[in-house]
Structure formats: C-alpha cells, structure tokens
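In these entries I record what I looked up about the ligand and the spaces inside the protein. The sequence and structure come first.

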Amino acid sequence: MQSKGDPVTEPYDELFLFIDGEWIEGTGRDTSAVFNPATGDVIGHVPHARQADLDRALEAADRGFALWRRTPAYDRAQVLRRAAALLRERAEPIARQLTLEQGKALHEARYELASSADYFEWFAEEGRRVYGRTVPSRRPEVHQRVHKEPIGPVAAFAPWNFPAITPSRKIAAALAAGCSVVIKPGEECPATALAIARALDDAGLPKGVLNVVFGVPELISRHLIESPVIRKVSFTGSVPVGRLLAAQAGQALKPITLELGGHAPVLVFADADIDAAARLLAANKFRGTGQICLSPTRILVQRTVYEPFLSRFIAETQALKLGDGLDPQTQVGPVSNARRIEAIAALVADARACGATVRAGGERIDRPGLFWQPTILTDVPAHAKVMHEEPFGPLAVVRPFDTIDEALAEANRLPYGLAAYAFTESARTALRVGDELEAGMIGINHAQMIVCELPFGGIKDSGHGSEGGAEGIQSYLHTKFISQV
Ligand code: NAD
C-alpha cells in the first residue's frame, strides 16, 4: 500500500510520430523532455518532426484525403465507432498515462477518456447526417442541387490541458466529414494523443488519413498552414497564439476554427441556493487545477449573501485533497508545467501588491512537483492584473455586487467571451442573464459544458466556430451548388 508522500511510479509509453500509418521513433531527431508534474521527473522524450517528416505527413494527408472522401459515410462511421469502442476498452491504461503526463486527478482523466469516446460516436453519426438540398428552379429544365463536401486536409493544433478531448473533438469531426488530418498535439502530453491515434489505426483507419506530429510549435504551424495541401485550420490554445495562426491562415485564405482563452464570470444572486453554488464552484474552479478555459474565475456575489457564500466557498476549497493525480484520494493535482506556476505566482504577487486579501491558499506547496494551493482572493482592485488576464490555474477572485446591471457590466467588461455562469432561483433573472451575458457558453445553476452533443466555443476574443454538437462538423464541410439542365 502506498503511504502518504511516496511518489507513485508508473511506466510511461514510448513516444513516436505517426505519419502515413507508420510509427516513427525519435532516433536521429531532436526530442524534448516530457515531465511528470507531480514529481518533476522526466518520464519520456517526444520526437520532433523534421521538415521532411512534415512534408511526408502532408503528402500522406493529401493521398489519404483522396481515398477517405470517397469512403461512404456509413463506412467512415464504422471506423470511428470501432475507435470509440477501443478507447473505452483501453480507458484505464490511457487515463493513467494522461494523469502521469498532465497531472490531473485520475477520476478526471477517466472522465476525459469516456468523453473522448463519446465524441467519436457522436461524430460517426453526424457524418451520416450531412444533408444537401434541392432548390426549385426558375426554369423547368434546370435542376439545382446544393450539397456539402469535405473541405480537405486539416491542420489541427491541440493543447496540453485536455490531452484526450481536444484532439478527439478535432479528429472525430474532421474524419466524420471525410477530411484527412495532420495534428500537432501538445508536446507536454504526447502519449494520450498517440493512444487515440493508435485506437484509430487499430480500428482500420486507412494509412495517411491521420498523421500526428510534434516539434517546435511555430515551425510546424507555419509549415502546415502555408502548405497548399491544407484547406482548413483548427486551433485550441491561447489568444495570442490564436491571433498569430488566424493571421497566417488569413494570409493563406484558409478558414480557421479557434477555441481560445477565457476569464469566466459567475453571478451569484441573493435568491440562489448558496451552499449548492459554493460547492459546485469550488469543484469546478479547481477541476483540472484551474487549467480549463471554462474555469469560473471572477465570482461576483450579491452583497446580501456575500459573506455566507464566501465562508462556504473557502471551506469547500480548503477541504479539497491535493496530491499526485494517480493517488485515488486526490481531487486536485499539480499545475501542469512551470510556465503556469510562474504565471500564477506573478498574478498573486501583483494582486497582493494592489491590496488584495488572500482568503485561501496563495502559495506554492513545498514538495517535489508543481503544486500550488487552491487560492481565493478578495478586495482585488479593478486594475490588478488578475482582473484582466486569464489565470489558467487554481486562482479565483470573489467580489460583491449590488444590482444586476452592475454585475452584467462587470461580467461583460473583458474582451473574453467563452463561458459564464449564474446562480439564481428566479426565472426572470435567469432569462435576463442568459440573454445578456456575452459568452459562447452559459451555465445557469450548472457548470457541465463539455458534452459532445452540444456546441462548444466562444465569442469575442475567445474565438469563433463551434466544435461539438450539430455545428461541430459544419466547419469541415464546404458548400457546392450544382445547376444542371
Ligand atoms: P501558449 O500561448 O504558449 O500556448 C498555448 C498552446 O498553443 C499550447 O498548446 C502550445 O503548444 C500551442 N502553441 C504555441 N505556439 C504555437 C504555434 N505557433 N503554433 C501552434 N501551436 C502553438 O501558452 P501555454 O503556456 O501553453 O498555455 C497557457 C495559455 O494557453 C493560457 O493562458 C490559456 O489561455 C491558453 N490555453 C487555452 C486552452 C483552451 O482550452 N482554450 C488550452 C490550453 C491553453
């Protein structure tokens, strides 16, 4: 039995590039180290694609597209469903790899794997519902058809915070539509993305239809986006990188779907179930150690219930169990990489210097690995950086408000528009915040947003396009009109 504080040891998968159906080792290539954020140990080395590897992936995607677009949607769906079944069968070992390289608690990694399988099943069926239409013509001898076609080979870029769901959403929708894919997942968490590619390979996906590369992100994205083979770009990550890739895609006249950062406001009204709101917000704020673009960050509480909410929220937060994600007791794992620890430390120091009060946490934990105490700040002035910059870590700000107008103005103040939340028992208030919050996803008395059958995406600087739901497949299709006499 494992005693408290012992490191959890676990074997880590060998890492490859996956190009044209071939699993390519790192020999002779540059590599970068993969760390276990719970211990700081190097657990593997991910191979970097050379330019020749990228060109081979592009050539394979081009060939793969020619084959896959002619494969009936029914047959494509069979492959995607088989891959989903394999992901479910292999969920436990893959989830353990995910936790090892990303840090999140094992129960979250299991949930992520199940959700990724859901995306493959959902898009398998959506691919069979790509309908066109016939439009009545102005002349009797003319027949007018509108139909949807796969847009072409896709360059996709997925981050490290959801190493299973973010690649799955992109790959599943693109493949269901009949596109081929070259994907660059996050170099920090390569084993999970490779396990997804392995499931598709084992499910019978023809070679070249999916290619997985790693390396220096800016070199790979520029090379892929500029290639005439690529017809569509999809990126999940930060606003600055989204802007850069959008500019590159714009220059190449290629459509891009962007899922970027957020700074989610929460409006807790006096008529809400305060205990339930505090419990749900503590669980959701610190889920994934706060490294989730939907993470509730600015918690605005009506003044009459501010103190009772705050004390309950602090108590719920302080009760969370921190530790190595592989420990079954753990609810909050480490921060995933040193960049996030530095960013959180800087935001907390700045808020303190601006006069904020630290009501919970506020410090790095003195143990191996990258652990930061779940942190709650109050009395944070509007000019503090944390009121503008996405923390993307275990850090929440709580502030009082008096009127709904004041709360909505604060909620909509930032250029972000990804997720927003409200807690109220009033139907009138719920309707108003649903209408007036500027966000692509709004949770009212609820925070579960990552569901395959619903659209996932932001507005304003948080990006454009939707990745789930009936909308998710549309960005991988183009429209063709055929007029025939
Ligand atoms: P970052 O801006 O360095 O990178 C964000 C992501 O983009 C990473 O996955 C990275 O590998 C990738 N990337 C960076 N440059 C790229 C390029 N030129 N081409 C293609 N991909 C590129 O930030 P980070 O430290 O890795 O992550 C923290 C920030 O990223 C947070 O502030 C958060 O806003 C954002 N983020 C958002 C999401 C999301 O779900 N929307 C996910 C992960 C990270």
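Predicted model: local features only at pLDDT ≥ 70, side-chain atom pairs only at ≥ 80, totals over all residues.

Entry 1: Residues are numbered from 1 along each chain as its sequence is written, and side-chain values use heavy atoms, with hydrogens and water left out.

**Entry 2: the shell around the ligand.** I found 23 residues around the ligand, of which Trp-160, Ser-221, Ser-238, Arg-339 and Glu-390 come nearest; a residue is near if one of its heavy atoms lies within 4 Å. By class, the shell has 11 nonpolar, 6 polar and 6 charged residues. Here Ala, Val, Leu, Ile, Met, Phe, Trp, Tyr, Cys and Pro count as nonpolar, Asp, Glu, Lys and Arg as charged, and the others, Gly among them, as polar.

Entry 3: I looked up pairs of N or O atoms within 3.5 Å. A polar side-chain atom of Ser-221 lies 2.8 Å from a nitrogen atom of the ligand. Gly-237 places a backbone N or O atom 3.4 Å from a ligand nitrogen atom. For Ser-238, an N or O atom in the side chain is 2.5 Å from an oxygen atom of the ligand. The ligand taken alone exposes 800 Å², and the protein buries 86% of that; these areas come from the Shrake-Rupley method with a 1.4 Å probe.

**Entry 4: the largest pocket.** I found about 810 Å³ of space in the largest pocket. Of its 37 lining residues, Pro-159, Trp-160, Phe-235, Gly-237 and Ser-238 are the closest to its centre. The largest share of the lining, 5 residues, comes from α8. The lining divides into 19 nonpolar, 9 polar and 9 charged residues. On a 1 Å grid over the protein atoms alone, a pocket is an open set of points with protein on both sides within 12 Å along at least five of seven lines, a cavity is a set where a 1.4 Å probe fits but cannot get out, and lining residues have an atom within 4 Å of a point. A volume is the space filled by probe spheres set on the points, which are joined across faces, edges and corners.

**Entry 5: the cavities.** How many cavities of 30 Å³ or more does the structure hold? I found 3. The largest cavity has a volume of about 80 Å³. It is lined by 16 residues, with His-263, Pro-265, Tyr-416, Gly-417 and Ala-419 nearest its centre. The second largest cavity has a volume of about 50 Å³, and its lining includes Asn-284, Arg-287 and Tyr-421.

Conventions
Polar contact = N/O pair within 3.5 Å; in protein donor to acceptor, adjacent residues only side chain to side chain. Helix = DSSP H or I, 4+ residues; strand = E, 2+ residues; numbered from the N terminus.
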